[in-house]
Amino acid sequence: MKIRTQIKELELGSVGIIVGYAQAYGGYMGKLIKMGLKPNTEFVVLCNTCEAGAVEILLKKGIIKLSKSEADALCVEDIEESENYYGY
């Protein structure tokens, strides 16, 4: 079962997929899209306990460090390994 959540709630090494953006953080949407963080983008959580609430994730194009506000602006789902077709 897929449950919408925030990146900070996923465990280290979890594979997730971006499903949208939180309304409360709508001002971040353009910045997140420019960073390649669009709906249906898969990622791996590298660090969700970084300094000042920052989060590091791995995308196909590389590692991105998100501020707490940027990470909170993303609505994500945890995906099962069997569903992961990118091979992370």
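## Salt bridges around Asp 72

In this predicted model, the side chains of Lys 68 and Asp 72 meet in a salt bridge, with 2.7 Å from N to O. Both residues belong to helix H2, where they stand four residues apart, about one turn of the helix. Salt bridges that share partners bring Lys 8 together with Lys 68 and Asp 72 in one network.

Lys 8 is partly exposed, with a relative accessible area of 40%. In general, side chains of opposite charge can pair when their charged atoms come close. By the rule applied here, the model holds three salt bridges.

## Glu 70 and its surroundings

Glu 70 lies in helix H2, which covers residues 68-72, and its side chain meets that of Lys 31 in a salt bridge of 2.7 Å, N to O. Because Glu 70 is in helix H2 and Lys 31 is in helix H1 (residues 29-34), the pair ties together parts that are 39 residues apart in sequence. Glu 70 falls under the 20% limit for a buried residue, and so counts as buried at 6% relative accessibility; Lys 31, at 46% relative accessibility, counts as partly exposed.

The side chain of Glu 70 also has a polar atom that lies 2.9 Å from the backbone nitrogen of Ser 67. When neighbours within four places in sequence are left aside, the residues in contact with Glu 70 are Tyr 28, Lys 31, Leu 32, Met 35 and Lys 65. One of these, Leu 32, is also listed among the residues of the largest nonpolar core that touch the most other members.

## The largest nonpolar core

The largest nonpolar core has 18 residues, and those that touch the most other members are Ile 7, Leu 32, Leu 37, Phe 43, Ile 57, Leu 66 and Leu 74. Two or more residues of this core come from each of S2, S3, strand S4 (55-59), strand S5 (62-66) and S6, and S4 gives the most, with three residues. As a general background, nonpolar side chains in soluble globular proteins tend to be buried together.

Leu 74 illustrates how parts of the sequence meet in this region. Apart from neighbours within four places in sequence, Leu 74 is in contact with Thr 5, Gln 6, Ile 7, Ile 18, Gly 20, Tyr 21, Leu 32, Leu 37 and Leu 66.

## Strand pairing

Strand S2 (residues 15-21) is mostly covered, with six of its seven residues buried, and it pairs with two other strands. With strand S3 (residues 42-47) the pairing is antiparallel over three bridges, and here Ile 17 stands opposite Glu 42. With strand S6 (residues 74-78) the pairing is likewise antiparallel, over five bridges, and Gly 16 stands opposite Asp 78.

Strand S3 is largely enclosed by the rest of the structure, because five of its six residues are buried. Besides its pairing with S2, S3 is joined to S4 by three bridges, and these two strands run antiparallel. Within that pairing, Cys 47 has Glu 56 in S4 as its bridge partner. In a regular strand the side chains alternate between the two faces of the sheet.

Conventions
Residues numbered from 1 in each chain as written. Predicted model: local features only at pLDDT ≥ 70, side-chain atom pairs only at ≥ 80, totals over all residues. Heavy atoms only, no water. Buried < 20%, exposed > 50% of the residue type's maximum accessible area, 1.4 Å probe, protein only. Pairing = 2+ DSSP bridges. Polar contact = N/O pair within 3.5 Å; in protein donor to acceptor, adjacent residues only side chain to side chain. Contact = heavy atoms within 4.5 Å. Core = buried A, V, L, I, M, F, W, Y, C linked by side-chain atoms within 4.5 Å. Salt bridge = Lys/Arg side-chain N within 4 Å of Asp/Glu carboxyl O.
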